[in-house]
Amino acid sequence: MGKRLVPVRSKEGIYRRGKISMYFLYLLLSIALVISFIADRTKTYRAIKIAFKKFTKILPAFAEMLVLVSIILGLVPDSLIVHYLGKSNMFQGVLMASFFGSITLMPGFIAFPLCGILLKKGITYTVISAFTTTLMMVGFVTFPIEKSYFGGKVTVMRNVLSLFIALIVAVMTGIFFGEILP
Amino acid sequence: MKSKKLLKYAKAVGFVAYTLFLVFSFLKGFEPGKKMAFDLRYFSLEMAKILPPAFILIGLFEVWVKKETIEKHFGSKSGLRGHIGGILLAGTTVGGLYVAFPVAYSLYRKGADLGVIFTYIAASAICRVPMTIFEASFLGIKFSIIRLSVSIPLVIVSSMLLGKYLTRRGYAIRDGE
């Protein structure tokens with residue numbers, strides 16, 4: 001338990017994909033900064049000051065999220081997810097997949113190869129869809145951050161709505177792949 | 001007020017216990033604890049790479065983009081066009097939900113409609129372009145197309161309803177407090 005199921009070697013190529021958007025981000029930032037600086041120096045300084053202020057304000061919430069992520073990923077390793085999803089019928093599978101997807105946070109380069117493994121183990125698209133969609137939309141670990149901006153009540157509302165959307169998406173996926181009879 | 005203070009103390013105690021647990025895990029070679037530390041390190045580094053540029057871009061956005069521009073394209077009169085704009089903006093968002101929240105606040109300050117903002121948040125979770133390409137390479141293009149074409153209409157409709165409901169109640173997004 002606790003080991004990553006995704007082979008390390010294949011990560012290399014995948015890491016690079018992740019880096020493309022990072023390069024894009026830094027490229028965009030550099031261009032924006034240069035243009036802004038040429039156009040108006042004081043405005044640019046003000047922008048950086050705003051950024052710094054906003055960043056330091058939300059930093060404690062980010063620290064909370066990081067601690068939560070590491071604890072949850074420690075308690076729910078990939079092998080556990082594969083084990084539980086592989087052993088259940090589709091109804092239980094969808095419920096369990098939504099549960100795992102809601103409480104965890106994974107970068108794409110771990111989540112999707114994991115889904116590839118699930119698929120090879122014969123787990124249905126319906127269950128995988130419930131897992132990926134809740135993973136993306138429902139954020140238990142991002143709660144501290146979301147709460148700081150939206151308040152607790154609206155955060156809960158948004159996440160519950162997202163959970164329902166994810167369940168509908170899972171059912172529709174099942175219908176389109178012929179796993180659930182319409 | 002008192003419960004807030006109590007929560008603060010509980011968090012501080014939890015944080016100390018967490019740190020001690022990680023240190024103990026390394027001293028005793030406790031594998032699950034070590035894995036936690038590695039995950040913490042990985043995600044912290046990732047945040048350290050994404051957040052500073054993201055926040056500077058947010059700062060530049062606040063300084064340069066005019067309120068009228070955002071009101072026109074994402075405001076309450078923008079209708080469905082605003083929601084589609086929100087999805088397109090989300091498609092280029094790096095990171096995920098945690099970057100979308102501060103962006104959402106800035107959009108809100110500049111006069112974006114609440115419904116459009118909720119669409120933007122949900123879309124930045126499900127419609128990021130690099131992520132979707134990556135997903136399709138593991139689960140097939142059919143899977144991604146079904147997922148997007150079912151979820152996007154649901155996201156728009158539910159965001160419109162949630163936005164309307166909250167606007168009526170005079171709800172306001174806060175600046176990360």
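Author: Helices are DSSP runs of H or I with at least four residues, and strands are runs of E with at least two, numbered from the N terminus. The model is predicted: local features need pLDDT of at least 70, side-chain atom pairs count only at pLDDT 80 or more, and totals for chains, interfaces and linings use all residues. Residues are numbered from 1 along each chain as its sequence is written, while chains are lettered from A and ligands numbered from 1 in the order in which they are written.

Reader: How many residues does helix H2 of chain B have, and what does it reach from first C-alpha to last?
Author: Helix H2 of chain B (residues 31-64) has 34 residues and reaches 49 Å. That is close to the expected 50 Å, the expected span being 1.5 Å times one less than the number of residues.

Reader: Where is the kink in H2(B)?
Author: The kink, of about 25°, lies at B:Leu51, shortly before B:Pro52. The bend is the angle between axes fitted to the seven residues ending there and the seven starting there.

Reader: Turning to the contact, how many residues does each chain give?
Author: Chain A gives 60 residues and chain B gives 55, contact requiring C-beta atoms, placed from the backbone, within 7 Å.

Reader: Which helix gives the most on the side of chain A?
Author: H2(A) does, with 19 residues on the side that touches chain B.

Reader: And what does B:Tyr120 touch?
Author: Leaving out residues up to four places away in sequence, B:Tyr120 touches B:Gly86, B:Leu89, B:Ala90, B:Ala100, B:Ala104 and B:Leu107.

Reader: How is chain B divided?
Author: Chain B has domain 1 (1-51) and domain 2 (65-177), with bounds from an automatic or database domain assignment. Their centres, taken over C-alpha atoms, are separated by 31 Å.

Terms used. Contact = placed C-beta atoms within 7 Å.
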